[in-house]
Amino acid sequence: MHFVYQLQTLSASATVGERIRYYRNKKGLRIVDLAARAGISRDALMGYEADETDPPLECVIKLADILNIIPDKLFDAYYTFLAYPYSLKIYEKRKELALTQNGFGAVLGVGRRTVEKWESGKHLITRKVYLKLIKNGLI
């Protein structure tokens with residue numbers, strides 16, 4: 001009798017959803033089991049694994065804990081940015097460029113209050129805004 005195992009590897013460019021699925025499978029967990037342990041719905045986890053929606057940072061950290069891996073293994077560049085903390089990074093970059101909150105916001109098409117909320121950590125930066133920050137050379 002011969003056993004055949006399919007070797008699974010994870011690409012360096014894997015999405016967060018692909019990473020979650022990879023480590024879930026590696027751990028031998030079903031979607032419903034991981035979702036229950038994480039306190040989220042099966043549909044939410046399926047959406048994360050299919051890259052239909054971005055899971056909250058706290059959820060990614062909780063999933064990593066359940067999967068017994070460091071969160072960085074699930075993070076892509078966006079989540080690494082959020083975990084920095086992003087609020088400090090935004091503030092430092094704005095100061096480095098000698099921009100006011102109004103000026104920084106104008107580059108991104110948002111108001112001063114939004115920038116203020118980002119810098120205080122009261123409002124998360126979406127992936128869409130994160131990509132704008134990169135495109136405009138702001139991070």
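## Helix α6 and its buried face

In this predicted model, the buried residues of helix α6 (residues 86-96) are Tyr86, Ser87, Ile90, Lys93 and Arg94. Viewed down the axis of α6, these buried residues fall within an arc of 135 degrees, so they line one face of the helix. The arc is taken over the directions from the helix axis to the C-beta atoms. An α-helix has 3.6 residues a turn, so residues three or four places apart point the same way. Buried denotes under 20% relative accessible area, exposed over 50%, and partly exposed the range in between (1.4 Å probe, protein chains only). Helices are DSSP runs (H or I, at least four residues), numbered from the N terminus.

The cover over the buried residues of α6 includes α5 (77-82), α7 (101-108), α8 (112-120) and α9 (127-135). Serine 87, found in α6, is buried, with a relative accessible area of 14%. Not counting residues up to four places away in sequence, serine 87 touches Trp118, Glu119, Ser120 and Gly121, where contact means heavy atoms within 4.5 Å. Alanine 98, which follows α6, has a positive phi, near 55 degrees.

The buried residues of α9 are Val129, Tyr130 and Leu133. Seen down the axis of α9, they fall within an arc of 105 degrees, so they line one face of the helix. These buried residues pack against α5, α6, α7 and α8. The face turned away from the buried side of α9 carries the exposed residues Lys128, Leu131 and Lys135. Just after α9, glycine 137 adopts a positive phi of about 65 degrees.

Valine 110 is placed in the loop between α7 and α8 and counts as partly exposed at 24% relative accessibility. Leaving aside neighbours within four places in sequence, valine 110 is in contact with Gly105, Val115 and Trp118. From C-alpha to C-alpha, valine 110 and valine 32 are 39 Å apart in space and 78 residues apart in sequence.

## Packing of α2 with α4

Two packed helices are described by the angle between their axes and the distance between the axes. Helix α2 (residues 31-38) and helix α4 (residues 57-66) pack at an angle of about 115 degrees, with their axes 10 Å apart. That makes α2 roughly perpendicular to α4, a term that covers angles of 65 to 115 degrees. Axes are lines fitted to C-alpha atoms over the stretch in contact, and angles run from 0 to 180 degrees between N-to-C directions.

In this pair, Leu34, Arg37 and Ala38 of α2 meet Lys62, Leu63 and Ile66 of α4. By class, the contact of α2 with α4 has four nonpolar, no polar and two charged residues. Here Ala, Val, Leu, Ile, Met, Phe, Trp, Tyr, Cys and Pro count as nonpolar, Asp, Glu, Lys and Arg as charged, and the others, Gly among them, as polar. Aspartate 65 also lies in α4 and is exposed, with a relative accessible area of 60%. The C-alpha atoms of aspartate 65 and threonine 15 are separated by 18 Å, the two residues being 50 residues apart along the chain.

## Packing of α1 with α3

Helix α1 (residues 16-27) and helix α3 (residues 42-49) pack at an angle of about 115 degrees, with their axes 7 Å apart. Gly17, Glu18, Ile20, Arg21 and Arg24 in α1 meet Leu45, Tyr48 and Glu49 in α3. The residues of this contact divide into three nonpolar, one polar and four charged.

## Basis of the values

Residues are numbered from 1 along each chain as its sequence is written, and side-chain values use heavy atoms, with hydrogens and water left out. Local features need pLDDT of at least 70 and side-chain atom pairs count only at pLDDT 80 or more, whereas totals for chains, interfaces and linings use all residues.

Definitions and conventions
Helix = DSSP H or I, 4+ residues; strand = E, 2+ residues; numbered from the N terminus. Parallel < 35°, antiparallel > 145°, perpendicular 65-115°, else oblique.
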